[in-house]
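Hi everyone, thanks for making time this morning. I'd like to walk you through a few local details, so please have a look at the model with me.

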Amino acid sequence: MFSITAGPISRIATALPRLFLIRSRLACDSSSSFSVNLLQNNSFCGLNPSFSWRSLRFGRFCSILSLLSSSTTVELVVSVSARVLSDEHDSVERDCAIVSMFRNGLLLRMFSQQRSILRRFYCVTGREIQPADGTPSSYFGLLKSATDAKEVLEFLPTISRTKQDRHVYTLPALKTLFELQKNGKSTLRSDQILKHPRFAELCQNVRFESRTFLMNDITECLKILTYLGVHTNSEIITVLLQLIRHQINDVTLDHIVFVSFILKKLDRTPLVEALQIALPMLLQIQIGYKLDHENVQQLVDLLEFVSQHKVNDRTVMNIVSALTLHGTNLSPEQATNALKALASFHNFLPQYGKLLQNVFAVLERDLDELPFKMLDYVLKRVLEKNLEHYPMFYHEPFLKRCAQYAVDHDIGLLNALYLLKKLNKISFLHIPLLDYIAAHSGKLSIVPTSGIITIVAGFSNANYRPPGWKTIKEEIARNSTITTGSIPWIRYNLELLSLDIFNPQLLAHWLNPQALEANMARNVLVDYLQLTELGQTLRLLYGGQYQGAYPAKHYVEKSVMLMLQNNDHPLLKPLEFAFGGEEYVSTQVVTEQGHVLDHVIAFDADGNPVKQCVPSVEGAGIRLEDVRQQANKL
């Protein structure tokens with residue numbers, strides 16, 4: 001049953017044409033009815049208080065209404081049978097059609113009777129938003145109980161352009177849609193939501209209402225629309241960005257950080273770029289008088305912002321100094337974000353050192369409270385900074401705690417290998433972590449190629465043999481044949497040999513002359529040095545076992561040439577002073593296998609040093625064989 005109450009009568013006249021549009025739906029149903037109750041007049045012009053829907057023409061009804069006093073209160077009652085409303089397939093379409101009758105200035109309220117399929121729609125004029133009996137709006141109830149983003153769109157009321165209607169529905173609907181989509185409670189993908197006609201209507205009403213938005217509302221809408229994938233050049237995104245530009249003086253420090261985060265997700269447009277330039281400048285202006293020195297979270301967020309934007313040193317120091325004064329009173333999440341921010345500075349000033357130490361102290365104390373993914377990421381950033389020659393980021397207690405985290409939290413073999421791979425980059429050793437990995441050696445068959453390389457490198461760097469090494473060694477050897485072209489194959493083979501794991505098939509594959517020529521075409525200098533070392537190891541330690549090809553002579557010669565370029569010999573002068581002068585010490589002596597010895601001193605049979613008469617060849621050094629030919633005792 002639909003009940004429409006209006007007073008005076010003139011205010012309901014605009015709804016009547018639409019009311020008659022549903023006659024075609026109900027005319028074929030004998031149990032549906034329509035009546036007009038004159039609340040102040042029992043009859044008028046011979047008209048009964050209740051009359052049939054089918055017997056009344058629209059023109060006749062309008063004429064009757066025109067005769068009524070403007071102060072007369074009229075109640076229109078439409079009773080719709082159960083049969084009409086029971087068609088589930090057409091229910092949503094029917095609801096939308098009925099709702100569309102009352103778009104012009106009427107607020108809709110909908111609720112269901114218990115154990116009844118009849119529905120009532122109460123429409124009142126003015127600003128009243130609750131039904132007469134105080135029942136809450138069913139649409140707002142739906143927003144609170146919705147389990148699918150599709151429900152939010154399908155049952156969205158058709159909203160007029162009046163401010164009061166838009167204000168009631170737009171933001172709550174948009175926020176509910178975002179929460180459901182973010183939490184995976186939607187049968188619609190983001191692209192399907194964008195194509196939904198009701199979503200376009202919702203965006204249109206957001207645009208109409210946006211002029212009354214505060215900055216928090218603007219940023220919230222921008223966040224939601226960006227998350228759903230609305231295009232940067234769309235009308236609604238452009239309007240919201242323009243509002244930020246016009247209200248730039250109302251932007252707070254927190255808004256600066258949040259808006260900057262959202263702008264990174266948008267495509268580059270002149271407006272986006274203008275805001276990206278303006279926000280750091282605005283922060284520099286506001287930092288002196290808007291910075292809350294007691295708000296640790298804000299300080300951490302601002303530190304992240306200035307680490308990624310070009311601002312003056314004074315602004316950075318204001319934030320760093322304020323955060324440093326809090327000492328170690330940071331949460332582990334805040335310490336993690338601060339550490340990531342400090343690692344992002346291209347120019348790390350000494351004044352940042354105390355804050356860095358505080359952050360490491362917090363993480364050393366509370367590392368167990370962090371999830372593994374967060375720990376793994378921050379460790380990656382710290383080690384990258386180490387490799388960029390920032391020694392202040394090497395904090396051994398922090399690295400030990402990270403390695404021990406894997407053991408204490410039993411993170412599994414694969415996660416432990418991710419951790420070990422990072423520590424291998426700086427040759428950091430942690431025996432309990434290696435023992436933990438060794439205890440899972442039975443799972444090596446499911447470990448990817450990179451994991452095998454990581455295990456080999458870890459045990460080789462530590463020169464460590466855990467309990468049960470024989471079994472572990474067999475497992476590594478069984479899974480050691482890796483022929484993927486992208487791996488650091490020379491170092492990998494050297495590390496296998498250092499663990500006494502000899503794989504002739506693997507060596508034959510990599511040292512095949514054609515394959516070797518192709519791999520060395522990169523012309524990486526360290527490859528020549530490592531290749532020469534691999535050839536030396538095979539000749540001197542595995543000469544009886546290895547029957548394959550060795551590195552060609554020109555690779556060895558280039559390696560020797562590279563090593564002879566080192567002119568740093570700190571022991572040369574002390575040795576010359578101790579043994580009688582420079583003629584007693586030979587420098588940069590080369591062996592047949594390609595070793596370059598920094599210094600060689602020859603002795604006679606009585607153990608006395610003798611002068612060297614062997615001349616050096618330009619660019620080739622002194623050959624050790626030439627020294628031996630003089631029958632000197634080495």
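Leu417, Leu420, Lys421 and Asn424 in α21 touch Gly451, Thr454, Ile455, Ala457, Gly458 and Asn461 in α23, where contact means heavy atoms within 4.5 Å. Sorted by class, this contact of α21 with α23 holds four nonpolar, five polar and one charged residues. For the classes, Ala, Val, Leu, Ile, Met, Phe, Trp, Tyr, Cys and Pro count as nonpolar, Asp, Glu, Lys and Arg as charged, and the others, Gly among them, as polar.

Before I go on, a word on the source: this is a predicted model, where local features need pLDDT of at least 70 and side-chain atom pairs count only at pLDDT 80 or more, while totals for chains, interfaces and linings use all residues. Residues are numbered from 1 along each chain as its sequence is written, and side-chain values use heavy atoms, with hydrogens and water left out.

Back to our pair. The axes of α21 (residues 413–424) and α23 (residues 449–462) come within 9 Å and cross at roughly 50°. That makes α21 oblique to α23; under 35 degrees would be roughly parallel, over 145 roughly antiparallel, 65 to 115 roughly perpendicular, and the rest is oblique. The axes are lines fitted to C-alpha atoms, for helices over the stretch in contact, with angles from 0 to 180 degrees between N-to-C directions. Helices here are DSSP runs of H or I with at least four residues, strands are E runs of at least two, and both are numbered from the N terminus.

Now for the loops. Most residues other than glycine have a negative phi. Serine 427, in the loop between α21 and α22 (431–439), has a positive phi near 55°. Is serine 427 buried, partly exposed or exposed? Serine 427 is partly exposed, at 44% relative accessible area. Asparagine 463 sits in the loop between α23 and α24 (469–478) and has a positive phi of about 50°. Asparagine 463 is exposed, at 58%. Buried means under 20%, exposed over 50%, and partly exposed in between, using a 1.4 Å probe and protein chains only.

Last stop, the sheet. Three strands form an open sheet in the order β7-β6-β8, with mixed pairing; strands pair if DSSP finds at least two bridges between them. β7 (596–600) and β8 (622–623) are the edge strands, each pairing on one side only. β6 (residues 586–590) and β7 run antiparallel, joined by four bridges, and threonine 587 has histidine 599 in β7 as its bridge partner.
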